[in-house]
Amino acid sequence: MMPAAGDDEIANLVADIVTASKLAPKARATLIKPSVNSLSSLAYERGLLPDILGELLTLVTTPSLLDQASLGVILRNLYPVTRVSSANVLAVIGALGHGRLKPTLAIQGLLLRWLIMVYHVLESPVVLSQAYPVLFNLLDTAAIRPQLAHLLALITRRRHVRPFRIQNLLNLSRQTGNDPTLVGLLRVYKDYYPEIIVGEAVRGRASAFKHPDPSWRERLDTLQEAHIQHTQEQMSRPRDAFRVNKVVGRGQRHKAVPSVHTSHATEDSVTLEEIENVQSFVDKMDKLELPNQLVAVLADPLLQKLLLLRPNAESFQRIANWLSSALQDVINGDADEATLWEVMEVVRDFVVQTKNLPPIVLSFFARFFPLWSGNGNRTCIFEILAYAPLYDFQELYKLIFQPLEAAVADTKPATQLGILNMYTNLMHHWASVLRSNKNIPAHASGTITGTVQHVSTLAMTVLQTNTTLASESAILAFYEENLALLTDDVLKQYIRVELLPSALIYLLVFSQSLATVARLCAIMAVYKQSLETAMPIRRNANTPTIDASSYTEEDVRRYNGNLVDIVNLIWLRKAFEIDKPIEQGCMVPRATFAQLQSYVVGTVDRTFSLASMLSLSHSPLFCLQSIETLRVLEDQQIEVDEAIETRHAGPVTQESLRKLGTSGGIRVNFTDYRLGVLEALRAKGMGGVESLLKESMKVLRQKIEKRGG
């Protein structure tokens, strides 16, 4: 990737400053401060790439003739746009301490402050843990002690807390008159060994270890996100799932939910705070002590894993009690809106991780939605409810989904698609739940059926108010999730096939997207297979399997009519016909059909008919694939004997192929040509059309199978 103009300017400024740093001020041709100020402004606006960051850290940490004020300005604007490498961290650590070649203590304090502010974007935080003895031994340097104690508080883990360090801290604290920074660090140590560090040692004022500059960190995060988007790199920053999210002071993201803290640890016990990696977690899982506030599980992935692997009814009851209290405050008006959405976000994180929605949250929603204005983080609510338990749908809809839809109801397409996607994700979750259950609940089929019926109504609304490819894709995604239940070897015996409404089928089959039509055909083909499988089944009195009698003759007849209409449309060139009782003519009124037919013959082309214009060769959806298929056949013929004198101009009909064969063109059967089109569609991932035709026409199925399809 070519560097941007701003990055080139930064590189040139850094080169000028590095060169000037080797010269005495009087020997420089120009003043250095304007260059430093320009560099600081550009670093704030664009951030610093790794190579430039390394050069500037080398400049700051090694002896030079640059004045301290300029070094301080540079240090305050070191905004890395990528993760900070271990080499850069070691360069900073190596610059700490006393010595003629070390930076001044003021600069060392700024370096430590910078490490604290970039701690969350370090490439490998373990490098600081490895340097713990070096950092600890510098605590007797008063000038850098506040920053040093803060950094140590961030990186301290149980293995770092040793008796000799505790004694050194106690001695140093007494010598300095209970320095607040040392008292604050002692309190971190006390979290790990409360029985060793007595209360008197940590009494008095202690440093809260606040973030040195929240606005600086906000700017850093903005620059890093912008860099990721600009370079299109997928550089995610997931929380370490095998390490407690260590929070010191007020840096906690979710203040409403306590962080993991184990205060009753003994020298022989193992706490979550000690876990550093997956191996450590596996080795010590049986010995791990639970933290004081189990509700921290909502925001900590490591604690979530422990409770999933070591489930305990009492533990989950403690979590439910906290949630009940927090959510009751919202109902009573004792909590502000910010607290509500903060709790909802951590509940969302917990639910997504554990795939389990606590009943207490559902009870809260049942009381909250009728009172909710619909404003706020709707997406968060949708993501939580995507993991609703497999209860009776009518009960769920009455208590939860109907009030939710009423609360968020508006005319915005995004809202409708959000609700639709919620039901799609819910169907996916229920399919997973049913697959993992040995005993299928008796209400499972009714719940799935009720959901499909409701979403079908919602889909009709979405498609008529927002006719876009995104809407069509979202609708089809829901039915594809439903197919997962109908095609499962076990579940298909228990889940009733709930068919798409005819109107929805016809709206989708006339989509302007070939992908939409292909996906629809694939869904309808599987539905037909599922119906044929389900029809012979007779329910045993002792099993919840579906009885074939639940499928009415009218249902089966209607669906067969839908299939025949699509076959007429695509293959038989009989679009909108109703000659047979089963045919529905795509629900197009006869008067409308007559007007369209008259328009085609009288205005478009006398040789055309409405039915032929929607067939495989002429349809706007298929015409490109059709003519490309014929071109391939012609090219293959040329490679064999080079005997083609005329190429087909298109579109292809049975009569045009006959004439082509007698005028020096390729000789190909009309049916074989159309089978070739279906093969081409299948090769491009749109085999749903072929699947539907195979399921609907036995003769065509034999021909396709004979060709290897």
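# A quick tour of a helical protein model

Let's start with histidine 150, which counts as buried because its relative accessibility is 8% (buried means under 20% relative accessible area, exposed over 50%, partly exposed in between, with a 1.4 Å probe and protein chains only). The model is predicted, so local features need pLDDT of at least 70 and side-chain atom pairs count only at pLDDT 80 or more, while totals for chains, interfaces and linings use all residues. Residues are numbered from 1 along each chain as its sequence is written, and side-chain values use heavy atoms, with hydrogens and water left out.

**The whole chain**

- The protein chain has 32 helices and two strands; these are DSSP runs numbered from the N terminus, with helices being H or I of at least four residues and strands E of at least two.
- Out of 709 residues, 49% count as buried.
- Take the contacts with a separation of 6 or more: 69% of them are between residues 24 or more positions apart (contact means heavy atoms within 4.5 Å).

- Histidine 150 sits in helix 9 (residues 145–155).
- If you skip neighbours within four places in sequence, histidine 150 is in contact with Ile116, Phe209, Lys210, His211 and Pro212.
- Valine 517 belongs to helix 24 (residues 514–534), and its 1% relative accessibility makes it buried.
- With neighbours within four places again set aside, valine 517 touches Leu508, Val509, Ser511, Leu621 and Phe622.
- Valine 517 and glycine 688 are 171 residues apart along the chain, yet their C-alpha atoms are separated by 8.1 Å.

**Aromatic rings**

- There are 18 aromatic pairs in the structure; rings of Phe, Tyr and Trp (its six-membered ring) pair if their centres lie within 6.5 Å, and planes under 30 degrees apart count as stacked, over 60 as edge-to-face and the rest as tilted.
- Phenylalanine 364 and phenylalanine 368 are stacked, because their ring centres are 5.1 Å apart and their planes meet at 10 degrees.
- Phenylalanine 478 and tyrosine 479 make an edge-to-face pair, because their planes are at 80 degrees, with ring centres 5.4 Å apart.
- Trp341, Phe364, Phe365, Phe368, Phe369 and Trp372 together form one aromatic cluster.
- Arginine 674 lies over the face of tryptophan 571, at 3.9 Å from the ring centre (a charge sits over a ring if NZ of Lys or CZ of Arg is within 6 Å of the ring centre and within 35 degrees of the ring normal).

**Salt bridges**

- Side chains of opposite charge can pair when their charged atoms come close.
- The count is 17 salt bridges, each being a side-chain nitrogen of Lys or Arg within 4 Å of a carboxyl oxygen of Asp or Glu.
- Aspartate 213 pairs with arginine 113, with the closest N and O atoms 3.9 Å apart.
- That pair links distant parts of the chain, 100 residues apart: aspartate 213 is in the loop between helix 11 (180–192) and helix 12 (214–231), and arginine 113 is in helix 6 (residues 105–117).
- Glutamate 634 is buried, at 0% relative accessibility, and forms salt bridges with arginine 631 (3.1 Å) and with arginine 647 (2.8 Å, N to O).
- Arg631, Glu634, Asp635 and Arg647 are linked in a network of salt bridges.
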